[in-house]
Structure formats: C-alpha cells, structure tokens
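Dear colleague,

My findings follow directly after it.

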Amino acid sequence: MRLSLPALCGLALATLTACGTTPPQTQTVEIAFTLRAGTAPVYCGGPFGPLGTPAVTATLRDARLYVQDIALIDTTGTAVPVTLPANDWQQPGVALIDLETGGPDCAGTAATNPVIRGTLPARTYSGLRFTVGVPETLNHTSVEVTPAPLDVVAMNWSWQAGRKFMKVEVTPTGGVTKPDGAKTATWFLHLGSTDCTGNPAQGGAVTCQRPNRLPVTLPAFDPARQAVALDLTALFTGTDLTRDQGGAVGCMSGPTDPDCPAVFGTLGLSLTNGQPVTPGQPPVFRAVDVR
Ligand code: CA
C-alpha cells in the first residue's frame with residue numbers, strides 16, 4: 001500500500017482545492033481476515049478439510065477472535081500503531097473478528113465482522129503486526145456494562161478470567177470420543193488468560209499467571225489486496241479431533257489438559273507460562289491474496 005503525499009497534494013491542486021502548507025496527516029486502513037482450511041475458504045453449513053491427525057472432515061461451529069496492538073510496519077521496519085475508532089465491532093485498543101456465518105451447524109448469528117478499520121499516519125507500509133488478545137485493562141470487565149465488542153456473551157470466560165481471546169470450534173465427522181468412551185459432537189479450542197487472581201468486582205486488580213496472548217507478524221502484507229488467513233488445517237496439525245484425552249473437551253487453555261500441547265505448540269505459545277516461545281510468525285496466520 002503506497003500513499004504519496006506529494007501526489008495527494010498534486011491531486012488536490014488539480015481539483016482547484018488549496019493544498020495549503022499542511023499535507024494530509026493520516027490515512028485510513030482496512031485489515032481483512034478470512035477463514036481457511038489450507039487454501040479453501042471455510043463457512044458454516046458444509047464439511048471442510050480433511051484436517052487433524054488422523055485426517056477427518058469437519059463442519060464449523062464457531063470462529064471468532066479478539067485482536068489488540070494492531071500496527072502496520074513501515075519500510076524502515078517500524079511498527080506504527082493503528083488507531084481504532086469505535087463501532088459495533090471495535091473500540092480503541094481492541095477489535096472482534098467474527099468469521100462465523102451462522103446457520104444450523106454454527107453457534108452464533110449470521111452477523112460477521114471480517115474487517116478491522118482504523119487510521120494511522122500517512123506513510124508507505126509493507127507489513128502487519130497484531131496480537132490475538134484483549135488488553136489487560138479491558139479484559140477483566142463486566143460483559144454486561146462494557147461497550148462493544150467486549151459485550152459478546154459468547155466470548156465471555158467468566159468475569160474474573162476475562163474474555164476468550166480466540167474461539168475455534170469444529171465438529172468432526174463421527175464426533176469426538178471422550179476418555180470414558182462417551183461421544184460428544186464438538187472439539188473446542190478456547191484461548192485466553194488462565195490462572196487469574198483478584199476480584200475486579202471489589203475493585204481489585206487481576207493478575208494472570210498465563211497471559212496466552214499471541215503476537216503475530218506478517219512481514220509482507222498489503223491490506224489493499226490481501227487478507228489475514230486463519231488456517232484451520234495449520235491450527236490443528238498434530239491434533240486428533242476425533243477424541244478428547246481428558247480435561248475440557250478439546251483444549252480450553254488448561255495447562256494440564258493433554259489436548260493442549262499440540263495446539264499450543266502449533267500456535268507457538270508456552271503452555272507452562274503463557275508466553276510466546278517462537279519469535280516470528282506462527283503458521284496459523286498468513287497473508288493471502290483476495291483481490
Ligand atoms: Ca481436553
């Protein structure tokens with residue numbers, strides 16, 4: 001994405017509008033997200049895949065994530081924060097990406113939000129950085145009184161613990177077998193801060209031993225023609241979606257859940273301390289051409 005200030009000024013002059021001595025200070029940006037299984041788009045209402053180990057087809061139940069610390073990277077490598085105006089899907093500091101399109105197989109409504117909208121200084125940018133998460137100061141708030149997008153009950157993870165940062169739920173063909181042999185339908189991935197102490201209802205600060213916020217950097221990203229793909233095939237590489245080995249069904253960020261090491265390893269997060277273990281780019285997110 002390139003925006004030349006002299007070119008803009010020249011355009012303004014050409015339309016007989018005084019350019020003045022102050023060039024445009026800011027530009028708008030739209031950062032799109034898309035849900036994929038490998039290269040194929042994923043929607044509610046039909047099987048996709050196969051994915052996981054062993055490979056199995058599945059239907060989508062839910063795919064939503066909160067995003068914070070959004071920045072474009074300029075040509076000198078500097079990350080420049082994107083300012084988020086408030087709307088139904090974002091407020092300053094955090095945005096909710098909803099890739100779940102509703103329907104009989106899915107958990108939510110037909111409303112979606114695949115786009116973050118913001119502003120930042122006018123400059124030439126070549127990359128993108130963001131973190132999957134909700135800022136600490138916004139995370140431990142009441143879902144009942146906090147403005148959108150932190151008012152989504154489906155993303156609430158008990159008041160004290162905060163929000164589910166990322167929620168991916170898939171229903172594998174044949175279901176999920178639990179350790180006692182019983183069957184259940186859906187395998188859940190809920191990523192969020194765990195082992196939190198403090199009671200915000202009484203004015204106390206909340207501290208979480210495992211933040212589980214996931215930083216992502218896409219060194220080459222052009223929002224004018226690309227989107228950020230969340231790749232479920234990459235996410236569940238090494239995960240057996242046909243069974244649950246214990247704890248919550250799937251992985252709900254429990255440090256002792258035997259299903260969490262595989263998916264946390266793929267995300268590049270330490271299950272022990274909730275910090276990223278691999279600098280750089282987890283394969284779960286990548287830039288894809290959409291225009
Ligand atoms: Ca489990």
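How many salt bridges does the structure hold? The structure holds 11 salt bridges, a salt bridge being a side-chain nitrogen of Lys or Arg within 4 Å of a carboxyl oxygen of Asp or Glu. Please note that this is a predicted model, in which local features need pLDDT of at least 70 and side-chain atom pairs count only at pLDDT 80 or more, while totals for chains, interfaces and linings use all residues. Residues are numbered from 1 along each chain as its sequence is written, and side-chain values use heavy atoms, with hydrogens and water left out.

Salt bridges

Arg225 takes part in a salt bridge with Asp289 at 2.8 Å, N to O. This pair links distant parts of the chain, 64 residues apart: Asp289 lies in strand E19 (residues 285-289), and Arg225 in the loop between strands E16 (214-218) and E17 (226-231). Strands (E, at least two residues) are DSSP runs, numbered from the N terminus. The side chain of Arg225 also meets that of Asp222 in a salt bridge, at 3.6 Å, N to O. Asp222 is buried, at 17% relative accessible area, whereas Arg225 is partly exposed, at 37%; buried means under 20%, exposed over 50% and partly exposed in between (1.4 Å probe, protein chains only).

A salt bridge also forms between Arg286 and Asp231, with the closest N and O atoms 2.8 Å apart. Here strand E19, holding Arg286, is linked to strand E17, holding Asp231, across 55 residues. Arg286 is partly exposed, at 25%, and Asp231 is buried, at 6%.

Calcium site

The calcium ion is coordinated at 2.3 to 2.6 Å by Asp244 (OD), Gly246 (O), Ala248 (O), Gly250 (O), Asp257 (OD), Asp257 (OD) and Asp259 (OD). Donors are N, O and S atoms within 2.8 Å of the metal (3.2 Å for Na, K and Ca); water is not among the atoms, so sites may look incomplete. Along the chain, the donors follow the spacing D-x1-G-x1-A-x1-G-x6-D-x1-D. Asp244 is buried, at 3% relative accessibility, while Ala248 is partly exposed, at 29%.

With kind regards

Note on methods: Helix = DSSP H or I, 4+ residues; strand = E, 2+ residues; numbered from the N terminus.
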